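Hi,

Here is the structure I promised to pass on to you.

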Amino acid sequence: MGEALEFFGYPSIEYFKTTDLIMEQNHDQNVEDDSWFEEEIDIDLKWSFALNRVLHKGTSEYQDIALLDTKRFGKVLVIDGKMQSAEVDEFIYHECLIHPALLCHPNPKTVFIMGGGEGSAAREALRHRSMDKVVMCDIDKEVVDFCRKHLSANHEAFRNNKLNLVINDAKAELEEREEKFDIIVGDLADPVEGGPCYQLYTKSFYQNILKPKLNDNGIFVTQAGPAGVFTHKEVFSSIYNTIKQVFKYVRAYTAHVPSFADTWGWVVASDEPLGIDAKNMDKKIAERIDGELLYLNGASFVASTILNKTVAKTLKNETHVYTEDNARFIHGQGVAYRI
């Protein structure tokens, strides 16, 4: 249990901790009226928001997991204390992750998603009429099972017969498969020390395992962590520079995601030119995608590739290459580094 503390005459507050997950409860009110999720963004920076209830919290073999019902952002998935996805604004992240790469490809039919256990990346890929097969490979069955149960927006995606759900390490799965894919997507948790997936951001992985599994004209895209003025040096610039060592054409792009409390970054790459034109992209969106996109159109994507002066300068001058022995991490720790 927690420790009750008295603060300058205010009612006592009890703290319940699951590693980085903190619930504050006022003893004089109903738990559902005064529970909070608090994320430690850095050693001197936290932010928090009110909860309706905790749907699940626990520790799997690989990571700490929490599925929360929040007042501001709806249902949210938290892994190793870090916000991964929120119901009300996940469309921003997932539209930016999936659609630019598929729209840059002449005729995408097969997609391999590394991670993506909540199902939202698969949902967006399956909206493309050309799609024949989406493989979603997540290491953590517990995450997948709870998201499948609780995230109603993705129920149809999980039932789609074009989806091939695999519980495995994405690195091992790609190594074992003989087939190649038009698109490979990195919908991975952020690299934290002791987390399960930092090795999937390394040059050796991109060069020796991932790239050989792309078809001709194949495209790779990955989430690349915080990309704000004050946070882009954590991992974003390194991931971008590492991918530049492996692929001929590489573009970074960003968007603000409210539930992440920051600007977020993605990197898309190929050995074929990436055609980024607003008018052509709008035409492809209308022709290829079922339903209306809520965030992304041609103009917004082109704008997202134009980085502010500070971030652009860092990316231009970045020299760090991500390796297993010389990795960068965002603030926080995975299960393997906890006592």
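This is a predicted model: local features need pLDDT of at least 70, side-chain atom pairs count only at pLDDT 80 or more; totals for chains, interfaces and linings use all residues.

Residues are numbered from 1 along each chain as its sequence is written, and side-chain values use heavy atoms, with hydrogens and water left out.

On a 1 Å grid over the protein atoms alone, a cavity is a set of points where a 1.4 Å probe fits but cannot get out, whereas a pocket is an open set with protein on both sides within 12 Å along at least five of seven lines; lining residues have an atom within 4 Å of a point. Grid points are joined across faces, edges and corners, and a volume is the space filled by probe spheres set on the points.

The structure holds four cavities of 30 Å³ or more, and the largest cavity has a volume of about 360 Å³. Its lining counts 27 residues, with Gly115, Asp138, Asp187, Leu188 and Ala189 closest to the centre. Strands S7 (74-79), S8 and S10 (133-138) each supply at least two residues of that lining; helices (H or I, at least four residues) and strands (E, at least two) are DSSP runs, numbered from the N terminus. By type, the lining of the largest cavity divides into 15 nonpolar, seven polar and five charged residues. Here Ala, Val, Leu, Ile, Met, Phe, Trp, Tyr, Cys and Pro count as nonpolar, Asp, Glu, Lys and Arg as charged, and the others, Gly among them, as polar.

The largest pocket holds about 340 Å³ of space. It is lined by 21 residues, and Ile41, Pro226, Thr231, Phe260 and Asp262 lie nearest its centre. The elements giving two or more residues to this lining are strands S4 (35-42), S8 (82-86) and S15 (262-270), with the largest share, three residues, coming from S4. The pocket lining has ten nonpolar, four polar and seven charged residues.

Now the rings. A search of the whole structure finds 15 aromatic pairs (rings of Phe, Tyr and Trp, the last by its six-membered ring, with centres within 6.5 Å; planes under 30 degrees apart count as stacked, over 60 as edge-to-face and the rest as tilted). One of them is the tilted pair of Tyr93 and Trp266, at 5.9 Å centre to centre and 50° between the planes. This pair links distant parts of the chain, since Tyr93 sits in helix H1 (residues 90-104) and Trp266 in strand S15, 173 residues apart. Tyr93 is buried at 5% relative accessibility, and Trp266 is buried at 0% (buried means under 20% relative accessible area, exposed over 50%, partly exposed in between, with a 1.4 Å probe and protein chains only). Ring pairs also join Tyr93, Tyr253, Phe260, Trp264, Trp266 and Phe301 into a cluster.

Finally, the cysteines. How many disulfides does a search of the whole structure find? The count is zero, with a disulfide taken as a pair of cysteine sulfur atoms within 2.5 Å. Cys96 is buried at 2% relative accessibility, and Cys197 is buried at 9%.

Best wishes
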